[in-house]
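Have the sequence and the 3D view to hand as you read.

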Protein chains: 2
Amino acid sequence: MTKPSSKTIRAFAPASVANVACGFDALGFAIAKPGDIVTARLDEQPGVHIRSIRGDDGKLPLEASRNTAGFALLEMLQELDHGGETGISLEIEKQMPLGSGLGSSAASSVAAVVAANALLDEPFSRNELLPFAVKAEAVASGTPHADNAAASLLGGFILVRSNEPLDIIPLDVPDQLHATVVHPHIEIRTEDTRIILRKQVSLAKAVNQWGNVGALVAGLMKGDYDLIGRALHDEIIEPIRSVLIPGYDRIKKSAMDAGALGCSISGSGPSIFALSQSEEKAHQIGEAMGHSVKETGLDSDCYISKINTQGAYVLDDS
Amino acid sequence: MTKPSSKTIRAFAPASVANVACGFDALGFAIAKPGDIVTARLDEQPGVHIRSIRGDDGKLPLEASRNTAGFALLEMLQELDHGGETGISLEIEKQMPLGSGLGSSAASSVAAVVAANALLDEPFSRNELLPFAVKAEAVASGTPHADNAAASLLGGFILVRSNEPLDIIPLDVPDQLHATVVHPHIEIRTEDTRIILRKQVSLAKAVNQWGNVGALVAGLMKGDYDLIGRALHDEIIEPIRSVLIPGYDRIKKSAMDAGALGCSISGSGPSIFALSQSEEKAHQIGEAMGHSVKETGLDSDCYISKINTQGAYVLDDS
């Protein structure tokens, strides 16, 4: 069908914060930076070929079916021509650490399918690309969950109503809502953070949790920052996963003391996010959190932005 | 403080649908009818005196501290003058059956505090009355839950983010959203329906549930009827409680076949509600559900209205 050419497409997909305190496996939002860049070009050999990966310290497999970006693209090509003669090669530039809780695997998958879709003259709409990236998430974490991939692809604040069938609800985002995300320099494997979760939760806590999820959605839709803050509580996951993050309680307290609306674990950690109502507050919170991380003996990176409502996009086209 | 007079205040408080499929103990909305009417007048004797109750088949206690309307008003007077010399007598007209799942106890409590508040020249705002009615709910059901009382008092569709401290979020209501509520003529005691619930739920089902709660809130705020329909699922409570309602699955199916957006148990049952997008559909659904109830050998009442956004109100002032 498609013939090899020298056409090259680079796409960027942003990091994302999943779970968002009360919304385990159901809520996510995109941030401006960091993000992954994937370059796609047509290849004479059918299938998906990962030519290079940079920024992963050699940890990610080049074999397409074992790499989330490769897997997502294989799923896309399967849908497109049932594994026919289309061949695409990828170069992956990781610009965020693995196991950081920033949706690293989702960003690579999303960037890969966005780049390849542009390369093939957009056979799929943006929404139609999501299932390919979500299936690839199962490769990375053991379970298909759409929160990171949907936020990275579509941008904004998203709610996963259902993973099967996939039902993603875009939520409104108040204009001044800022995210501060601090990444302490330790790695946590998503698989490990899932294993320690209990399979059963108390009904009473579950009721509190869905009250908070509903309230967070209402707060976002109403632009009610105070309500957003009241809703950012997690009685179920945070108490368990936070033990894997050195100094978590103190870091969170420093964020709240600095004026955060709320603060919790980003994805499965170790990154920690805080939401606030102004850029100034977001920076003050970042400084306070960075200082608290330092007290645990760890270095950290800090990313500050509004909620990224753009999502993934093609960088250039040569 | 206040002196006895012949002033009489009558207040109406509407029935309400609590839980609303996915939102156990967290969501509720008011309907137009039925509702309870409470008449309040000043009494020379300090305290709360229930002079008469009609429509309860003699089942409700006249003793104020054991009656939800009396209890709510006692809480209100305690807050007002710490159990001082204010005396109020009540006449309660139950216009809906007990144990129907329509928030009967909440309607009486709400009507009582609204009437008494007007009688005393509004010492409390509408929102400030809610805690009194919520405390009275514990008398009726064994646990304090605010979903019925908040919906009956404030009207509209409400989210209970937290019972302690009380945090009630009013949600937008799409203009054409109609409720059909069918009450099969059997009684279910709320206490009994709570006892059969499991204290633990699976994390996977809880995640689905909070995805649906978030989606229902988003659907209401966006005025997206299709999304409202997709969100009206309950994997946790309905499978357990519905066994107490004869023919439940068939009644629900008849509602869905007649075009309901969703259908589930109202409160703890046996009433069953369905939501739809027009008055015409709401009537067709009511006919279909009534027919299905009849097939189980039971009679039923049917109530059809838009979501009642007015809530409780004073009927007249003589």
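## Two copies and an axis

Chain B can be laid on chain A by a turn of 180° with a shift of 0.0 Å along the axis, and the RMSD is then 0.0 Å. The two copies are thus related as by a two-fold rotation axis. The same surface serves both of them, with 100% of the contact residues of chain B recurring in chain A. Keep in mind that this is a predicted model.

## Where the chains touch

How many residues of chain B are in contact with chain A? There are 33 residues of chain B in contact with 33 residues of chain A. Several elements of chain B each supply at least two residues to the side that touches chain A: strand 5 (157-163), strand 6 (166-171), strand 8 (200-202), helix 6 (203-222) and helix 7 (225-231). The largest share, 13 residues, comes from helix 6 of chain B. Sorted by class, that side of chain B has 19 nonpolar, 8 polar and 6 charged residues.

## A pair of helices in chain B

Now look inside chain B, at helix 1 (residues 68-81) and helix 2 (residues 104-119). Their axes come within 7 Å and cross at roughly 40°. Angles under 35 degrees would count as roughly parallel, but helix 1 and helix 2 of chain B are therefore oblique to each other. The crossing of helix 1 past helix 2 in chain B is right-handed.

Which residues make the contact? Helix 1 of chain B brings Thr68(B), Ala69(B), Ala72(B), Leu73(B) and Met76(B), while helix 2 of chain B brings Ser105(B), Ser108(B), Ser109(B), Ala112(B), Val113(B) and Ala116(B). By class, this contact has 7 nonpolar and 4 polar residues, with no charged ones.

## The sheet in chain A

Chain A has an open sheet formed by 4 strands in the order 9-10-7-11, with antiparallel pairing. Its edge strands are strand 9 (262-265) and strand 11 (300-306) of chain A, each pairing on one side only. From one strand to the next, the twist averages 15°.

Further in, strand 7 (residues 178-184) and strand 10 (residues 272-276) of chain A pair in the antiparallel sense over 5 bridges. One place to look is Ala179(A), whose bridge partner in strand 10 of chain A is Leu275(A). Helix 10 (residues 279-295) of chain A packs on this sheet, where it touches strand 7, strand 10 and strand 11 of chain A. The direction of helix 10 makes about 15° with that of strand 7 of chain A.

## The sheet in chain B

In chain B, 4 strands form an open sheet in the order 9-10-7-11, and the pairing is antiparallel. Strand 9 (262-265) and strand 11 (300-306) of chain B are the edge strands, so named here for pairing on one side only. The twist averages 15° from one strand to the next.

Strand 9 and strand 10 (residues 272-276) of chain B run antiparallel and are joined by 4 bridges. Here Ile265(B) has Ile272(B) of strand 10 as its bridge partner. Helix 10 (residues 279-295) of chain B lies across strand 7 (178-184), strand 10 and strand 11 of chain B, running at about 15° to strand 7 of chain B.

Key. Residues numbered from 1 in each chain as written. Chains lettered and ligands numbered in written order. Predicted model: local features only at pLDDT ≥ 70, side-chain atom pairs only at ≥ 80, totals over all residues. Least-squares fit on C-alpha atoms with pLDDT ≥ 70 in both. Contact = placed C-beta atoms within 7 Å. Nonpolar A, V, L, I, M, F, W, Y, C, P; charged D, E, K, R; others polar. Axes fitted to C-alpha atoms, helices over the stretch in contact; angles between N-to-C directions. Parallel < 35°, antiparallel > 145°, perpendicular 65-115°, else oblique. Left-handed = near helix turned anticlockwise from the far one by under 90°. Pairing = 2+ DSSP bridges.
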